[in-house]
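Trainee: I've got a structure open and I'd like to learn how to read it. Can we go through it feature by feature?

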Amino acid sequence: MEHSESVRVPIGPQHPALKEPASFMLTLSGEKILHAGVRLGYNHRGIEKACEQRSYIQDLYLVERICGICSHSHATCFCQAVEELAGVEPPKRALYIRTLVAELERIHSHLLWLGVAGHEIGFDTLLMYAWRDREIVMDLLALLTGNRVNYGINTFGGVRRDITPEHKEAVLRGIDKLEERTKYYISVATEETTLIERLCGVGLLSHDDAIRLGAVGPTGRASSVKRDVRRDDPYAAYGELDFNVITDDHNDVYGRTLVRVGELMESYKMIRQLLSNMPDGPIAVKVPRKILAGEVVSRYEAPRGEDMHYVKSNGTEKPERVKVRAPTLANVQAVAHMLKDRYLADMPIVVAAIDPCFSCTDRIIAVADARDRRAGVMTWGQLRAYGIEWYRRRGTDFSRLNRAFSPAEGD
Amino acid sequence: MAAALFHILVFPGFLFLGVLALFAEYVDRKLCARLQNRIGPPWFQPFADFIKLAAKDSLVPELADQWIFRLAPVVALASPLTASLYIPIWRRDALFSFEGDVIVVLYLLTIPTLTFFLAGWYARSVFSMLGAARSMMQLFAYEIPLFLSILAPALLANTWSLSGMTRYYGAHPWYALLNVIGLAVSLMALLGKLERVPFDAPEAETEIVAGSFTEYSGRLLALFRLAISVEMIVACSLLAAVFLPFGLQLGAPAGFVLYLLKVLLLVCLISLFRTVFARLRIDQVINFCWQYAAPFAFVQVLIDLVAKGVLIS
């Protein structure tokens with residue numbers, strides 16, 4: 001792969017195109033990308049491990065903080081898993097409210113994406129417009145749940161807040177306004193020349209490649225992969241809703257844009273159905289603190305694709321293992337494929353087109369030795385000793401300070 | 001001697017153009033913000049930015065060529081200032097003029113792009129070198145349409161001096177309507193020269209950080225930014241003098257106000273383009289310039305040649 005006149009350009013871990021740290025090492029020949037190496041792992045937060053040390057209800061708030069944008073997705077996915085383990089069925093009304101918040105979240109996420117995509121191709125006006133309109137849905141979410149992000153509406157066995165007729169009214173008004181704006185964006189996306197020039201034929205991912213690389217969500221659906229958990233494995237209230245799974249055969253970034261704006265229109269439709277068919281009744285049932293032993297996999301269609309939670313319980317009030325597979329992990333393999341033989345200028349939009357969320361994805365990091373590429377396992381004690389030794393070699397010795405501040409632990 | 005110094009330092013030189021350039025930057029930023037549904041900066045923001053940057057340290061990368069790195073912003077600022085001396089502003093004559101000064105002005109306006117290239121290339125960082133290469137590639141794309149579309153009116157006026165051109169078009173203002181295509185092409189080329197959206201690939205933030213200017217900071221960056229603003233004003237003045245030769249006989253106050261209006265109109269057009277387009281890739285820029293801009297510039301040359309035959313005979 002080494003080329004005599006090739007140049008290596010590090011896009012990341014810190015770069016204006018990236019909203020979160022991730023590293024794309026591009027080998028360029030002129031403007032053309034010969035090879036793209038993707039490295040994740042700059043955002044590992046140890047959430048899965050932290051989940052094992054907390055009770056289920058504490059974990060619910062922790063998993064909600066996996067992602068700032070699809071927070072409801074992770075919370076609902078986890079809730080579904082725990083409810084299945086506990087053998088509880090949330091009341092109908094609770095499921096409808098969950099679905100309502102889920103679709104509002106999808107609207108806010110897709111509008112956010114539209115703005116980011118505009119920014120990545122230097123079309124800042126689209127960013128400003130899309131994010132202005134996104135405020136409408138953010139206000140609705142704040143009205144329904146009390147929060148703009150990390151809504152905290154879910155609880156095991158239902159939801160924590162009921163919605164009133166006034167809420168319904170406000171949501172319907174907001175949705176009408178958003179639908180009108182979305183129609184405008186559809187016309188922009190299909191008519192504005194420079195936008196089409198920059199999006200068409202960029203980041204190609206054929207139908208077969210999309211399946212082989214396991215692309216999910218809008219990334220897959222733009223390559224005619226008709227997969228949507230809401231349709232294939234209905235959860236919450238989706239089984240009772242009438243909606244279309246939007247697909248597109250452009251296979252490129254343009255197709256992914258069309259799929260997302262199309263999904264916005266479907267979301268408006270679904271929200272109207274949810275509000276008019278909302279059943280009466282309680283919004284939550286009681287779930288015991290200790291969850292029966294067992295293991296379960298829960299699937300959820302997040303705005304970026306299929307989100308999956310695996311929960312294993314051992315009959316206590318803390319889970320034995322929680323595993324989260326965020327949609328970005330499924331899509332990131334496709335990015336390296338899409339970047340190959342493309343122009344450097346297309347790199348930001350190709351990466352942005354999967355709507356990446358790297359901090360949601362980072363689960364484990366393997367630090368490999370740069371020379372022999374070997375990774376090893378260190379215990380906490382070894383890591384601590386290594387750190388102390390690393391600083392001591394560079395002339396800084398903290399061991400005495402440490403002793404002074406933590407007499408109980410010793411050294 | 002005193003008069004020359006006054007021309008160079010105060011009017012229409014450094015001080016006047018500097019203030020006008022920063023004001024134009026404000027108009028550009030404010031209009032762009034309003035079009036994007038934002039509030040935009042207060043009127044003094046460009047001045048405040050300039051003063052703040054000028055007060056900060058300039059870091060020079062160790063690997064960079066020290067001389068070129070420091071000299072490039074100064075040359076970038078000096079060349080459009082020099083060019084302004086040959087452009088008629090509100091009268092039919094410029095301060096200085098000679099037969100052939102239109103070529104000199106065009107070349108002086110090319111120099112900033114060359115300094116962007118040198119500054120980026122000798123900063124020796126990956127991003128600035130990529131930006132430098134793109135600046136150069138873009139130069140080859142827009143420069144010929146720009147030259148053709150500005151020289152075409154000169155063909156009709158039968159002179160290679162800007163003052164001669166404004167005298168000719170001032171005498172026959174309606175002939176300027178023949179040059180509408182030239183105005184459109186040169187305005188488009190100007191977007192390329194100023195590296196504005198949709199032709200801002202050389203400093204595309206999301207790809208190559210800030211292109212040539214990635215390593216610049218403090219005073220040197222302030223000079224570069226001022227140079228770009230001054231270049232915008234001087235190039236707009238050039239376009240106004242060549243393509244909008246109206247009201248030149250009105251005398252000092254009215255003519256001066258009219259000149260400001262013409263320049264502001266062009267600045268507003270530039271910021272309008274900035275808001276309605278997405279950034280083109282560098283290969284798309286080159287295709288666009290050679291497929292559309294250059295043929296249209298040739299059409300402009302033909303129109304002027306034919307008009308010359310018809311009108312003179």
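This is a predicted model: local features need pLDDT of at least 70, side-chain atom pairs count only at pLDDT 80 or more; totals for chains, interfaces and linings use all residues.

Trainee: At what angle do the axes of H2(A) and H3(A) cross?

Mentor: In general, two packed helices are described by the angle between their axes and the distance between the axes. Here H2(A), residues 56–64, and H3(A), residues 71–86, have axes that come within 7 Å and cross at roughly 150°. The two are therefore roughly antiparallel, since angles over 145 degrees count that way.

Trainee: Which residues make the contact?

Mentor: H2(A) brings Tyr56(A), Asp59(A), Leu60(A), Val63(A) and Glu64(A), while H3(A) answers with residues including His74(A), Phe78(A) and Val82(A). By type, the contact splits into seven nonpolar, two polar and two charged residues.

Trainee: Now the sheet. In what order do the three strands of chain A come?

Mentor: Strands of a sheet pair through backbone hydrogen bonds, either parallel or antiparallel. In chain A the order is E1-E2-E3, an open sheet with antiparallel pairing. E1 (7–11) and E3 (32–39) of chain A are the edges; each has a single partner strand, so one side of each lacks a neighbour in the sheet. From one strand to the next, the twist averages 20°.

Trainee: How many bridges join E1(A) to E2(A)?

Mentor: Five. For instance, Arg8(A) has Thr27(A) as its bridge partner in E2(A).

Trainee: And how many residues of chain B are in contact with chain A?

Mentor: 24 of chain B, against 24 of chain A. On the chain B side, the elements giving two or more residues are helices H9 (205–208), H11 (252–276) and H12 (282–312). That side divides into twelve nonpolar, five polar and seven charged residues.

Conventions
Residues are numbered from 1 along each chain as its sequence is written. Chains are lettered from A and ligands numbered from 1 in the order in which they are written. Axes are lines fitted to C-alpha atoms, for helices over the stretch in contact, and angles run from 0 to 180 degrees between N-to-C directions. Helices (H or I, at least four residues) and strands (E, at least two) are DSSP runs, numbered from the N terminus. Angles under 35 degrees count as roughly parallel, over 145 as roughly antiparallel, 65 to 115 as roughly perpendicular and the rest as oblique. Two residues are in contact if their C-beta atoms, placed from the backbone, lie within 7 Å. Ala, Val, Leu, Ile, Met, Phe, Trp, Tyr, Cys and Pro count as nonpolar, Asp, Glu, Lys and Arg as charged, and the others, Gly among them, as polar. Two strands pair if DSSP finds at least two bridges between them.
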